[in-house]
Amino acid sequence: MAAGMVASRRLRDLLTRRLTASNHPGLGISLRLTGSSAQQEASGVAHGEAPDHSYESLRVTSVQKHVLHVQLNRPNKRNAMNRAFWREMVECFNKISRDADCRAVVISGAGKMFTAGIDLMDMASEIMQPKGDDVARISWYFRDLITRYQETFTVIEKCPKPVIAAVHGGCIGGGVDLVTACDIRYCAQDAFFQVKEVDMGLAADVGTLQRLPRVIGNQSLVNELAFTARKMMADEALGSGLVSRVFPDKEVMLNAALALAAEISSKSPVAVQGIKVNLLYSRDHSVAEGLNHMASWNMSMLQTQDLIKSVQAATEKKELKSVTFSKL
């Protein structure tokens, strides 16, 4: 115990020296927030439409400090995914990836359900009237179309900010592709999930067959869902690991998802975004490759001021939410 106290004292001394070093003026940062303006900085909430996010199929709002809420916003069409949606999701999440103010995202659906999947009426011309005058050219057209649609959900996975899916009602077809690209999934008790593509005469081709087996870790269940298009209800989704929590209704679920996003956004963005990058890398690589990538990543990231601030907050038994982390 004495050795532990000495180590703790040494760590505190080291942190103090680093934080007050005169030859590193950028390190002379006070961690104590005082006054009402500091409290607003620590817990400020910004409401309203997010700047630079104007879409036909989506609504993006800044619901609280560092948190964006992306709604699928075609409630009269059960949030069916039209041509605008496939284009706008890419634009939206590319902007979010570059937005230093955003540290967490919640995705939900407006109206009575999360999404009914692809809007067949709107997409019919692209699918049923392909461009090209022979098999090779038509095939090339379809390959380009499919890869562009795949990017609509891959862009969520590639976004360094954690993305929380909040699902109520139906999550059908492309909805499953979407939520399996998210980092965390919550749902309401009325939610159900359906890999619907087999009933349309095709195999799901924009992410479900690739991500769902990794999400739930049960190949037999994935095969059953994909071959039959049966509904997976909320309790089964929880039991299989597709979602991590089930809530009684949409309102309670959304509040919980936004609270989770707020908690995540209070942490060091260097830490959080590094965690997401390395979790995804490790998913697709061996343990040895993942460890090597982690070592290469943290050899620079360990030099962040966020580490010093977090450790000092812990040693002083301060709430981490009282610490202000710089934008990333």
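## Charges and a cavity

Glu157, Arg211, Arg214, Arg283 and Asp284 are linked in a network of salt bridges, a salt bridge being a side-chain nitrogen of Lys or Arg within 4 Å of a carboxyl oxygen of Asp or Glu. Bear in mind that this is a predicted model, where local features need pLDDT of at least 70 and side-chain atom pairs count only at pLDDT 80 or more, while totals for chains, interfaces and linings use all residues. Residues are numbered from 1 along each chain as its sequence is written, and side-chain values use heavy atoms, with hydrogens and water left out.

Asp284 sits in the loop between α11 (269–283) and α12 (287–301) and Arg214 in helix α7 (residues 208–216), so the pair ties together parts that are 70 residues apart in sequence. Helices here are DSSP runs of H or I with at least four residues, strands are runs of E with at least two, and both are numbered from the N terminus. Asp284 also has a salt bridge with Arg283, with 3.0 Å between the closest N and O atoms.

How open are these two to the outside? Asp284 is partly exposed at 42% relative accessibility, and Arg283 is partly exposed too, at 32%. On this scale buried means under 20% relative accessible area, exposed over 50%, and partly exposed in between, using a 1.4 Å probe and protein chains only.

Another pair is Asp134 and Arg137, whose side chains meet in a salt bridge at 2.6 Å, N to O. Asp134 is partly exposed, at 29%. The whole structure has 16 salt bridges.

The search turns up 1 cavity of 30 Å³ or more, and the largest cavity holds about 50 Å³. A cavity is a set of points on a 1 Å grid over the protein atoms alone where a 1.4 Å probe fits but cannot get out, and lining residues have an atom within 4 Å of a point. Grid points are joined across faces, edges and corners, and the volume is the space filled by probe spheres set on the points.

Val176, Phe193, Gln194, Val195, Leu212, Leu225, Met232 and Leu242 line the largest cavity. Gln194 belongs to strand β7 (residues 192–194) and is buried, at 8% relative accessibility. Beyond its neighbours within four places in sequence, Gln194 has contacts (heavy atoms within 4.5 Å) that include Cys171, Val176 and Lys231.

Key:
1 Å grid on protein atoms, 1.4 Å probe; cavity = no way out; pocket = protein on both sides within 12 Å on 5 of 7 lines; lining within 4 Å.
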